[in-house]
Amino acid sequence: MSLIFSGIQPTGNLHLGNYLGAIRNWVRLQDDHDCLFCVVDMHAITLWQEPADLHRATREVTAALMAAGIDPEKHILFNQSQVPQHAELAWIFNCVARVGWLNRMTQFKEKAGKHKEKASVGLYVYPTLMAADILAYKATHVPVGEDQKQHLELAQQIAAKFNHDYDTDLFPELEPLIFGEGTRVMSLRDGSSKMSKSDTSDYSRINMTDDVDTITHKIRKARTDPHPLPDNPEVFDDRPEAGNLVAIYAALAERTRAEVLAEWGGANFADFKQALAELAAEVLGPINAEMNRLMADPAAIDAVLGRGARRARELAEPVVEEVYNTVGFVRPGAS
Ligand code: AMP
Ligand code: TRP
């Protein structure tokens with residue numbers, strides 16, 4: 001039986017990259033898997049968050065997930081800090097993972113920037129908490145965007161070392177699920193950097209909360225090049241901005257880039273951008289409306305998270321107990 005786990009940080013604006021790279025795939029996987037979806041507030045504070053902003057963003061991300069089609073009745077939707085087993089298992093993993101492994105993490109280097117010495121210790125051990133998120137449930141399949149691949153490889157490495165060191169098969173193997181045309185949506189301003197919540201330019205991304213006019217305006221302003229659309233995707237190596245818009249279109253339309261170019265090859269970007277804006281508005285518009293509706297009742301969102309956390313704790317508790325016994329901690333009632 002495969003169990004799905006994934007997480008998303010309640011920081012800043014959810015954007016089209018989050019939707020196409022992760023959330024939409026989560027919605028699909030719900031049909032034939034058991035899933036846990038976690039709003040990772042403890043990961044969020046590895047960088048400074050104003051408490052009021054974090055509080056609001058946690059509800060907003062929860063509302064966005066529900067609006068996009070995550071079903072909190074059939075599956076488990078919760079915020080990380082309500083389930084203490086994540087932090088407990090993360091400590092064990094801090095003692096399993098090696099400093100050399102963490103030193104290789106490219107996201108730490110990007111996020112810490114030039115002043116590594118000033119980064120929080122939490123930012124450095126971020127991947128061990130992520131491994132704990134997944135393995136506290138012995139989840140096996142993890143749907144994420146391309147940027148999380150390295151973290152998942154580390155989680156696998158931690159699970160394997162734990163199993164080896166303690167001579168057990170407690171943790172299962174993990175399988176990253178990275179699929180669709182939107183696994184790496186790039187900035188609308190710069191085809192060499194990914195669309196991100198933290199980019200200072202709002203023109204770099206389409207937010208899940210943008211209205212139709214804003215979406216249209218941002219896509220019209222998106223960087224391209226003077227050439228028409230090509231008729232096959234291979235030439236995009238030298239045309240990253242053009243390639244990104246076509247990939248976004250393909251992901252939104254649920255077609256391949258080749259199929260999109262079979263239709264649009266030779267067209268000019270002004271027409272293509274118009275069609276892309278309409279498509280983006282068509283997909284995001286209803287989600288946006290539903291999100292606003294849900295946000296009007298914060299108590300209901302908190303109730304969803306509370307219920308999800310209760311169910312998550314029931315699953316995680318025996319796993320962490322098993323880990324503690326394996327490690328040799330004295331526990332009441334255990335032999
Ligand atoms: P984060 O915003 O870092 O919490 O990411 C939440 C999920 O969205 C993860 O699965 C990421 O891999 C995915 N994601 C974030 N940015 C992008 C992007 N630009 N393109 C595709 N997926 C993304
Ligand atoms: N680090 C992930 C991101 O920023 C979010 C995350 C936290 C996650 N824990 C996870 C994703 C566990 C998958 C599984 O995108």
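Modeller: A residue counts as near a molecule if one of its heavy atoms lies within 4 Å of it. The model discussed here is predicted.

Colleague: How many residues surround ligand 2?

Modeller: The cut-off of 4 Å decides which residues count as near. The closest to ligand 2 are Gln9, Tyr126, Met130, Asp133 and Gln148. The number of residues that surround ligand 2 is 13.

Colleague: Which helix gives the largest share of the shell around ligand 2?

Modeller: Strand S1 (3-8) and helix H8 (126-135) each supply at least two residues of that shell. The largest share is 4 residues, and it comes from H8.

Colleague: Which side chain has an N or O atom 2.6 Å from a nitrogen atom of ligand 2?

Modeller: A polar contact is a pair of N or O atoms within 3.5 Å. The side chain of Gln9 has an N or O atom 3.1 Å from an oxygen atom of ligand 2, and that of Gln148 has one 3.1 Å from a nitrogen atom of ligand 2. The side chain with an N or O atom 2.6 Å from a nitrogen atom of ligand 2 is that of Tyr126.

Colleague: How much of the accessible area of ligand 2 does the protein cover?

Modeller: Ligand 2 sits in the largest pocket. On its own, ligand 2 has 370 Å² of accessible area. The protein covers 92%.

Colleague: Which helix gives the most to the shell around ligand 1?

Modeller: Ligand 1 is surrounded by 17 residues, with Gln9, Gly145, Asp147, Val185 and Lys197 the closest. One helix, residues 16-29, gives 4 residues to this shell. The helix that gives the most is H1.

Definitions and conventions:
Residues are numbered from 1 along each chain as its sequence is written. Chains are lettered from A and ligands numbered from 1 in the order in which they are written. This is a predicted model: local features need pLDDT of at least 70, side-chain atom pairs count only at pLDDT 80 or more; totals for chains, interfaces and linings use all residues. Side-chain values use heavy atoms; hydrogens and water are left out. A polar contact is a pair of N or O atoms within 3.5 Å; within protein, one must be able to donate a hydrogen and the other to accept it, and residues adjacent in sequence count only if both atoms are side-chain atoms. Accessible areas come from the Shrake-Rupley method with a 1.4 Å probe; for residues, only the protein chains shown count as cover. On a 1 Å grid over the protein atoms alone, a cavity is a set of points where a 1.4 Å probe fits but cannot get out, and a pocket is an open set with protein on both sides within 12 Å along at least five of seven lines; lining residues have an atom within 4 Å of a point. A molecule sits in a cavity or pocket if more than half of its atoms lie within 2 Å of its grid points.
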